[in-house]
Amino acid sequence: MISKGGFLDRNKNRFAILCSVLGSGYLLVKWATHSFMEQQKQREKEHCSKANITRRFEQNLMDIEFVVSSLVPSLQDRLNARINLELVTAKLQEQKQLDNMSKTQKMELWEQIKLGSFTRTLSAIYLLNLLTLLTTLQLSLLGRMFYLDSVAAMHADDVHRTISEETERKYLTLSWYLVHIGWTKLVDRVEKAVEHIVKEVSLKTGVTFESLSDMIHQIRVFVEYQDVTLKDRLPMHEWLLPPQGEEKHLFTQAGVDVSQPDPELDNLMNETRDFLESPDFNTVLQVCLTKSFDVLLSQYRPTFYSTDIVERHNEGRIQFEAGPIETEQSPIPSKSLPLARVLTVVSKSVHSIGNGVPNVFLSELLGCPQLKAYAVVAYSGWDQ
């Protein structure tokens, strides 16, 4: 016992230090474990949050496709009623069988077909692009608000909606302007461009794939720029929204009651106008239009090239101006066809733009990275 007592007396300071270290180590381990668990919870929370917003954003893109697909046929019907080429063609064939039409009358009908074919198809391209961008912006802004509501609902039982159902209904009526008013202004613009570029081209003129591509390019320039200097682009957002201050008249025309003040709707309209008037909108619109015209021209290729050549070289995308398909040895020139024969192809392509199933034009637009980025900016651009 004496030796044990002596040992403890001689080493009591060491035992005290050892106990202190062990105690501190236990607290350190306990703190580290708690810290790890908290970080783990935070990571899981962030992962759930990211998964939630990703799921909602992807659903938003699906909603955009559904809405655009629902509205495009209505626009296409209006376009077909205004430029009824099928009726003109039937009249031409009927009179040809009866053989009682003068040369002048026949040329007048052919002129309608010539100008109408380009006007209707190119107008359909512009309308699809504008409708898609407008719908993307609208549903992305609304989607942001719905997401904020869902986050708030996770932390509270009684949550006041960021936007009321009534305001949501009013806001979605905004597309009424394009479908009923804006589209006519756009078609007027395209009609003038087509007349300026195509009117003097004879029906017997030989047209190659390259010259057709150049013709469409010239029409685009006339439509999309304010004048021949090519310095300022035309503000196409004016076909999507009524002039500022006339929004109330728009909603009244659409059958929506706006007699009572609605600050939520006013804020949404102001934000929508800011987005549409921004340089980003013009940039995204130009990219989308070019992709759409690429698809259109790719549909015309088989008319000018043999099937095997198209299959071997269809990987080459066409921008504004399209050169001939090239092989490793030399360019392959396209066929030269009378304009009258080409008009049939141009006229029929409008149906794949407005009523195609699946709609390759819409699919190309919705897959455009720039359009998705535009949607992300609208969807995530909150200050809260």
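Which residues are buried in α6?

Modeller: Happy to take you through this. Please keep in mind that the model is predicted. The buried residues of α6 are Phe-209, Glu-210, Leu-212, Ser-213, Met-215, Ile-216, His-217, Ile-219, Arg-220, Val-221, Val-223 and Glu-224. That makes 12 of its 16 residues, and the helix is mostly covered. As for its extent, helix α6 runs over residues 209–224. From its first C-alpha to its last, α6 reaches 22 Å, close to the 22 Å expected at 1.5 Å a residue.

Because Arg-220 and Glu-224 are four residues apart in helix α6, about one helical turn separates them. Arg-220 has a relative accessible area of 2%, so it counts as buried. For Glu-224 the relative accessibility is 1%, which again means buried.

Now for Phe-209, which is also in α6. Phe-209 forms an aromatic pair with Phe-304 that is edge-to-face, with 6.0 Å from centre to centre and 65° between the planes. Phe-209 lies in helix α6 and Phe-304 in helix α9, so this pair ties together parts that are 95 residues apart in sequence. Both Phe-209 and Phe-304 are buried. Ring pairs also bring in Tyr-305, linking Phe-209, Phe-304 and Tyr-305 into a cluster.

Tyr-126 lies in helix α3 and Phe-293 in helix α9 (residues 279–304), so the pair ties together parts that are 167 residues apart in sequence. Tyr-126 is buried, with a relative accessible area of 1%. Phe-293 is buried too, its relative accessible area being 4%.

Salt bridges are the next kind of link. A search of the whole structure finds 11 of them. One is between Glu-111 and Lys-199, whose closest N and O atoms are 3.9 Å apart. Glu-111 lies in helix α3 (residues 103–153) and Lys-199 in the loop between α5 (176–198) and β1 (206–207), so this bridge ties together parts that are 88 residues apart in sequence. Glu-111, at 22% relative accessibility, counts as partly exposed. Lys-199 is partly exposed as well, with a relative accessible area of 35%.

Another salt bridge joins Arg-273 and Glu-247, with the closest N and O atoms 2.7 Å apart. Here distant parts of the chain are linked: Arg-273 is in helix α8 (residues 263–276) and Glu-247 is in helix α7 (residues 247–253), 26 residues apart. Arg-273 is buried, with a relative accessible area of 7%. Glu-247 counts as buried at 16% relative accessibility. Elsewhere, salt bridges that share partners join Arg-82, Asp-188 and Glu-191 into one network.

Helix α3 also holds Leu-139, a buried residue with a relative accessible area of 12%. Leaving aside residues up to four places away in sequence, Leu-139 touches Asn-60, Asp-63, Ile-64, Val-67 and Leu-172. Take Ile-64: Leu-139 and Ile-64 are 75 residues apart in sequence, and their C-alpha atoms are 6.8 Å apart in space.

What about disulfides? The structure holds zero of them. Cys-288 is in no disulfide, and its nearest cysteine sulfur, that of Cys-368, is 4.2 Å away. Likewise, Cys-368 is in no disulfide, with the sulfur of Cys-288 as its nearest at 4.2 Å. Cys-288 counts as buried at 0% relative accessibility, and Cys-368 counts as buried at 0% too.

Finally, a word on confidence. The protein chain averages a pLDDT of 83, and 77% of the residues score at least 70. Over residues 317–322 the pLDDT stays under 50, and for this stretch the model has 18 contacts beyond four places in sequence.

Definitions and conventions: Residues numbered from 1 in each chain as written. Predicted model: local features only at pLDDT ≥ 70, side-chain atom pairs only at ≥ 80, totals over all residues. Heavy atoms only, no water. Helix = DSSP H or I, 4+ residues; strand = E, 2+ residues; numbered from the N terminus. Expected span 1.5 Å × (residues − 1). Buried < 20%, exposed > 50% of the residue type's maximum accessible area, 1.4 Å probe, protein only. Disulfide = S-S within 2.5 Å. Salt bridge = Lys/Arg side-chain N within 4 Å of Asp/Glu carboxyl O. pLDDT = per-residue confidence, 0-100. Contact = heavy atoms within 4.5 Å. Phe/Tyr/Trp six-rings, centres within 6.5 Å; stacked < 30°, edge-to-face > 60°.
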